[in-house]
Amino acid sequence: MKEFVLIFRMDITTPGLQPSREQMEGYMEQWHEWTGSISARNRLAPGGNHLSPQGRVVRPGNVITQRPYTENRESVAGYLLVRAENLDEALLIAMDCPILKGEGTSVEVREIPW
């Protein structure tokens, strides 16, 4: 069994795309159902978290940007570690992610080589 990281990206800068409190509660319910189904199949690996929308980017020469990386309006919003036999199985897990119901979102799947 291999481990993969699912990297969740979304637009964290456009005010109209940010969920309301009620929407966020619904999203979190969907999120818990999704991660629960991954865990029930013994495919959830330890690790993963949501990330704060605040942050900094350090570039060569110690040039600091006073916000997270938001090129193309997509920024990393969080990550999850999963177990799968191969990349195709990890992609199937990612395709059910509730974040994909939103506008300007994506899930990047990468194998963690040990």
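Trainee: What makes Leu87, Leu91, Leu92 and Met95 a nonpolar patch on the surface?

Mentor: Together they have about 390 Å² of accessible area, an area that comes from the Shrake-Rupley method with a 1.4 Å probe, where only the protein chains shown count as cover. Patch residues have over 30% relative accessible area and no salt bridge, and nonpolar side chains (Val, Leu, Ile, Met, Phe, Trp, Tyr) are joined within 5 Å. A salt bridge is a side-chain nitrogen of Lys or Arg within 4 Å of a carboxyl oxygen of Asp or Glu. This is a predicted model: local features need pLDDT of at least 70, side-chain atom pairs count only at pLDDT 80 or more, and totals for chains, interfaces and linings use all residues. Residues are numbered from 1 along each chain as its sequence is written, and side-chain values use heavy atoms, without hydrogens and water.

Trainee: Why is Leu87 called partly exposed?

Mentor: Buried means under 20% relative accessible area, exposed over 50%, and partly exposed in between (1.4 Å probe, protein chains only). Leu87 has 41% relative accessibility, so Leu87 counts as partly exposed.

Trainee: How do you know whether Ile7 is buried or exposed?

Mentor: The relative accessible area of Ile7 is 15%, therefore Ile7 is buried. Ile7 belongs to a second, separate core of five residues, which also includes Ala45, Leu81 and Ile112. A nonpolar core is a set of buried Ala, Val, Leu, Ile, Met, Phe, Trp, Tyr and Cys residues joined through side-chain atoms within 4.5 Å.

Trainee: Which residues does Trp34 touch, not counting residues up to four places away in sequence?

Mentor: Among them are Leu6, Phe8, Leu80 and Cys97; contact means heavy atoms within 4.5 Å.

Conventions: Patch = residues over 30% accessible without salt bridge, like charges linked within 9 Å, V, L, I, M, F, W, Y side chains within 5 Å.
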